[in-house]
There are 2 protein chains.
Amino acid sequence: MGATLEEHLVATRKGRYDSYLAFLRIPSISALPQHAEDCRRAAQWLADALTEAGLEHAEVAETGGRPVVYADWLHAPDAPTVLVYGHYDVQPVDPLELWTSPPFEPIIVGDRLLARGAADDKGHVHAHVMAAEALLTTRGALPVNVKYVFEGEEESGSENLDRWLAANAKRLAADVVIISDTGFFEGNRPAITIGLRGLMYAQIDVVGTPVDVHSGGYGGVVENPVNALAQIIAALKGPDGRIRIPGFYDNVVALTEAERAAIAALPFDEEAFRQRLGVPALVGEVGYSVLERKGARPTLDVNGIWGGFMGEGSKTIIPAHAHAKVSCRLVTAQDPARIFEAFRAYVEEIAPPGVTTTVRQLGGGRPSLTPQDHPATQAAARALEATFGQAPVYIREGGSIPVCASFDSILGLPVVLLGFSQPDEHAHAPNEWIDLNNYETGIRMFARMWDELAVLPR
Amino acid sequence: MGATLEEHLVATRKGRYDSYLAFLRIPSISALPQHAEDCRRAAQWLADALTEAGLEHAEVAETGGRPVVYADWLHAPDAPTVLVYGHYDVQPVDPLELWTSPPFEPIIVGDRLLARGAADDKGHVHAHVMAAEALLTTRGALPVNVKYVFEGEEESGSENLDRWLAANAKRLAADVVIISDTGFFEGNRPAITIGLRGLMYAQIDVVGTPVDVHSGGYGGVVENPVNALAQIIAALKGPDGRIRIPGFYDNVVALTEAERAAIAALPFDEEAFRQRLGVPALVGEVGYSVLERKGARPTLDVNGIWGGFMGEGSKTIIPAHAHAKVSCRLVTAQDPARIFEAFRAYVEEIAPPGVTTTVRQLGGGRPSLTPQDHPATQAAARALEATFGQAPVYIREGGSIPVCASFDSILGLPVVLLGFSQPDEHAHAPNEWIDLNNYETGIRMFARMWDELAVLPR
């Protein structure tokens, strides 16, 4: 008799790490045009890894942007078909000087693997490939049919994915979607994410004089684009933390008393959370708890701002132009396109005279909520408890996975959000890391999840 | 008989340009530490040029920062002594990409010489050296005693000059100071600047989380340093253009009706000015004309702002920190130290909780007003009219020459502000230029000014 799944995973650990690290070494930053070729390289690497794991029809599929990687295994005629989603692209790495080690030279320190993408989302993607490899090697088969869709534009707005999904709807037919791009709750407590926020991402450009002018010679007579931009940004939110864009809250479905009670019942230590974040105080919209504000309420944040002289010392100019990237996290029925229009109209309305202000959209994705009592969600709960030894909590996450809504609207499929990264893993920040125990147990959990799904009544 | 001054200047024109261009090629940016050696090189170049012109005791004098260049000619025992001030340091050059030619590779296009410092202030400094050279060559003497003080820190706050002036007060004894670091009025109309604004320059630093965090995971619960900074900046000025810092206007001496009438009488085409600036509208403090706001009223401008993601595309973070350089132009009796304290106190008061906000001063200088009817001012008016063919107007300039107040307070000397650059010469901006006709006539004007001062009743 061959090895058990566990024996196999123990025996192949070193090769698995080599493979994981090789994947992390490819700087597949989708937001930066200069990394387009790296994204393509990561896609090809992943397609090869899927084939090597025993999966079939591995393909680097063109989308018009960064490619989608597809593979499947469809030899379980009596079992359900699962569509697995993850992404092989990663966030940019700046500010680079804050990384304790180079972001694309992964290193293992104790139980932690540090690298850009270690958690978000290459760790989950790689764990899926390894779970399939282990099952196919030890059993010669998967308990369910699986179709893998690994995207390359998740961190830059998923511009081409919806079109690709629609064009491939027939080939993607399935019973359920497993999206693995979420994490655990505070204290590394297993969690299933049942809510995700949407996103509206925009840039505001304010232009004054054609070139910087002397702040002495012209101060007092021309509008300063930075002052104007600050004024615009300040007017977007009130002192109560409420967003002032007219109509912004129109499609926000209020939390029910039951939902608020469920959130309040989560084991959450607000003071420990504040200390770990390293801020003097937690702040936000008046009338909502930290967890409600973090997962179930919309937000508005400036992601970056720049204009004028940023060097050492003092340069006395009125900058010619100023810029800000502004994004909103959206909830329930808020629509990114409508929110952008409201945002644009409001910014144009409040923009001061004397400068030219323009607003353009850089990205967007709809929010989503998935039912907690769906059989697939409950199968995931059993898989988590069987492998991590603790029943999961059900949470609303603040982040956005726009494709989540697309699977529902384009393919008509229920979605389970099943990931295992730690809540403080520095996704999108310097020194991203993953707990290797979570990664290892996560592989076993995915394998168990297929077993759980295989025995569901159809 | 030897050549006349004019014959000499015509005959030596090419060599003069070679010398001027060599001076402009030295990137003496005082605000940037990496150019410290270049500043020293420019100082030595200037000391050598002064000696070559026939001036004496040329010295690169240590100040603790960028050196002062001193030289004199003191062989006119019956004539007054003039102290000439200019500066050999220049502004930084970014944004470099907006320069049509490299800032330290001066080129002549038609009547214009383009280079950083061509107008502010190397053009004036060089014209002074050339005027002395022409007089000493053609007459063997200057009509007055002259002491030259050329500073190397004017563009970075003149931190060490006051101390150096005080330490050298005896050696600097004079009857009048000529500061050549100002320009003409609109339309290249000869002008004598009788008012200069002061300066308070500060930096605001806002710090949130120790590293950037995911705007999905933490949006709604932590204060965003950029949003906080925008809120602070927006609160510094009201919609009426008035600065909201408590006590800010306490020491502003109101314009008299006569002063307002004199400003209103200046030949100023507001629409042409707006068009040349290239802005949709001129804006500023309610209740004051453009020229009043530009020269006789205090201002507040952001000179630069930065924080978070500034690249192409969309990165979804809450930045860890945000920064702004903010400066105020000051008038009449406003004191930079008091204004900074009021600024700091107000910013700290309005800074939102959830972030740590600090304020530090980067520079400052007092405003100054000089009497229009002083005999030296009237001598300058005659020198301008005799050489440029048009009587000067008397203006208040918006820029700051902090040393102007120092000459009064430390050395007890009257000051005449006598320069000849064009009002739109792009000082502090890309593509700084000087009209070579102004430079050439300026040399003759300085020589004439010494003749005018020599015959004043003592």
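Reader: How many residues of strand 11 of chain A are buried?
Author: In this predicted model, strand 11 of chain A, residues 299-308, is mostly covered, with 10 of its 10 residues buried.

Reader: And which way do strand 11 and strand 13 of chain A run?
Author: Strand 11 and strand 13 (residues 321-330) of chain A run antiparallel and are joined by eight bridges. Within this pairing, Ile305(A) stands opposite Ala324(A).

Reader: What about strand 11 of chain B: is its pairing with strand 11 of chain A parallel or antiparallel?
Author: The two strands pair in the antiparallel sense, over five bridges. Gly304(A) stands opposite Gly308(B), and Trp306(A) stands opposite Trp306(B).

Reader: Turning to the contact between the chains, how many residues of chain B are in contact with chain A?
Author: There are 85 residues of chain B in contact with 85 residues of chain A.

Reader: Which strand gives the largest share on the side of chain B?
Author: Strand 11 of chain B does, with nine residues on the side that touches chain A. By class, that side of chain B has 37 nonpolar, 35 polar and 13 charged residues.

Note on methods. Residues are numbered from 1 along each chain as its sequence is written. Chains are lettered from A and ligands numbered from 1 in the order in which they are written. This is a predicted model: local features need pLDDT of at least 70, side-chain atom pairs count only at pLDDT 80 or more; totals for chains, interfaces and linings use all residues. A residue is buried if 20 or more other C-beta atoms lie within 10 Å of its own, exposed if 12 or fewer, and partly exposed in between; C-beta atoms are placed from the backbone. Helices (H or I, at least four residues) and strands (E, at least two) are DSSP runs, numbered from the N terminus. Two strands pair if DSSP finds at least two bridges between them. Two residues are in contact if their C-beta atoms, placed from the backbone, lie within 7 Å. Ala, Val, Leu, Ile, Met, Phe, Trp, Tyr, Cys and Pro count as nonpolar, Asp, Glu, Lys and Arg as charged, and the others, Gly among them, as polar.
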